[in-house]
Amino acid sequence: MLRICFLVIFLTIYGFGWAQESKGDSIISPMDSIANDSIEDYYVRFEGDSILMSSIELEEVYIFGKLDFASREDKLRYYILRRKTLKVYPYAKLAAERLVELNDSLQHIKKRRHQRRYTRKVQKYIEGEFSEELKKLTRTEGQILVKLIHRQTGTTAFDLVKDLRSGWRAFWYNTTASLFKISLKEEFRPEEVHEDYLIEDILQRAFAASRLERQKSVLDYDYAQLSNKWKNQPPSTGN
């Protein structure tokens with residue numbers, strides 16, 4: 001029942017956005033031209049942009065410290081947490097992308113019966129595409145996925161089911177999950193929960209190493225400030 005619960009949550013989020021046709025992103029090339037003959041002042045113009053710029057905005061770069069562990073058990077727990085986080089993050093990222101597509105799609109589908117027909121069609125497709133992978137998630141992987149869905153969407157898995165399905169189904173899904181010590185109402189709180197901070201640290205290191213495709217959290221927190229707060233806390237997965 002638990003695996004079916006997570007499957008329904010994921011399929012619901014993924015399914016609504018399946019038919020949304022992705023739009024091609026414009027490709028920003030390196031420096032296209034240099035204006036102004038002055039030796040001291042240079043301006044650059046990017047392809048597709050008519051405005052000359054005197055500077056180029058770069059992404060934030062984090063310098064990571066060496067991981068220190070108080071014990072072999074702490075080290076083992078951290079690497080287990082890392083393995084599980086790297087495994088389920090792509091599903092949470094996909095959920096966030098499909099939620100955006102869902103909101104865009106619903107603006108163009110006015111009639112309720114057309115929405116239901118659309119939902120049935122895409123859920124049937126997605127079920128055959130991803131159900132076997134989601135069924136393989138363990139209890140701890142499922143709980144991490146719930147937290148990451150909140151990180152990526154700003155909405156708990158419970159509320160997503162409630163909004164996209166019904167409050168009654170969300171209640172029963174949460175009750176079923178609670179039997180396995182999993183709450184679909186769980187939020188991602190790296191400011192308060194040390195394990196959540198470790199998950200964020202794992203993600204940031206994976207982004208920097210290009211192991212995962214970066215997607216910013218919609219939640220309001222600063223990773224650098226979190227690192228300063230937790231730097232004296234030994235890396236264990238306990239709350």
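Which side chain makes a polar contact with the side chain of Lys-93? The partner is Glu-97, at 2.5 Å. A polar contact here is a pair of N or O atoms within 3.5 Å; within protein, one must be able to donate a hydrogen and the other to accept it, and residues adjacent in sequence count only if both atoms are side-chain atoms.

This is a predicted model, in which local features need pLDDT of at least 70 and side-chain atom pairs count only at pLDDT 80 or more, while totals for chains, interfaces and linings use all residues. Residues are numbered from 1 along each chain as its sequence is written, and side-chain values use heavy atoms, with hydrogens and water left out.

Start with the overall layout. The protein has eight helices and two strands. Helices (H or I, at least four residues) and strands (E, at least two) are DSSP runs, numbered from the N terminus. Along the sequence the pattern reads α-β-β-α-α-α-α-α-α-α. The protein has 239 residues, and 41% of them count as buried. Buried means under 20% relative accessible area, exposed over 50%, and partly exposed in between (1.4 Å probe, protein chains only). Take the contacts in the protein with a separation of 6 or more: residues 24 or more positions apart account for 75% of them. Contact means heavy atoms within 4.5 Å.

Back to Lys-93. This residue lies in helix H2, residues 72–106. Its relative accessible area is 11%, so Lys-93 is buried. Leaving out residues up to four places away in sequence, Lys-93 touches Gln-152, Glu-213 and Gln-215.

Next, a helix pair. Two packed helices are described by the angle between their axes and the distance between the axes. Helix H4 (residues 139–153) packs with H7 at an angle of about 70°, and the axes are 12 Å apart. Axes are lines fitted to C-alpha atoms, for helices over the stretch in contact, and angles run from 0 to 180 degrees between N-to-C directions. H4 and H7 are therefore roughly perpendicular. That label covers 65 to 115 degrees; under 35 counts as roughly parallel, over 145 as roughly antiparallel, and the rest as oblique. From H4, Ile-144, Lys-147, Leu-148 and Arg-151 take part. They meet Glu-195, Asp-196, Ile-199, Glu-200, Leu-203, Gln-204 and Phe-207 in H7.

Which residues of H8 are buried? In this helix, residues 223–230, they are Tyr-223, Leu-226, Ser-227 and Trp-230. They span an arc of only 100° around the axis, so they sit on the same side of H8. The arc is that of the directions from the helix axis to the C-beta atoms. On the other side of H8, Gln-225, Asn-228 and Lys-229 are exposed. At the start of H8, a side-chain oxygen of Asp-222 comes to within 3.1 Å of the backbone nitrogen of Ala-224.

Two loop residues complete the tour. Glu-191 is in the loop between helix H6 (167–178) and H7. Its relative accessibility is 29%, so Glu-191 counts as partly exposed. Beyond its neighbours within four places in sequence, Glu-191 contacts Asp-220, Tyr-221, Leu-226, Lys-229 and Trp-230. Glu-191 and Trp-230 are 39 residues apart along the chain, yet their C-alpha atoms are separated by 8.9 Å. Ser-210 lies in the loop between H7 and H8. Ser-210 counts as exposed because its relative accessibility is 64%. Its phi is near 60°, a positive value in a residue other than glycine.
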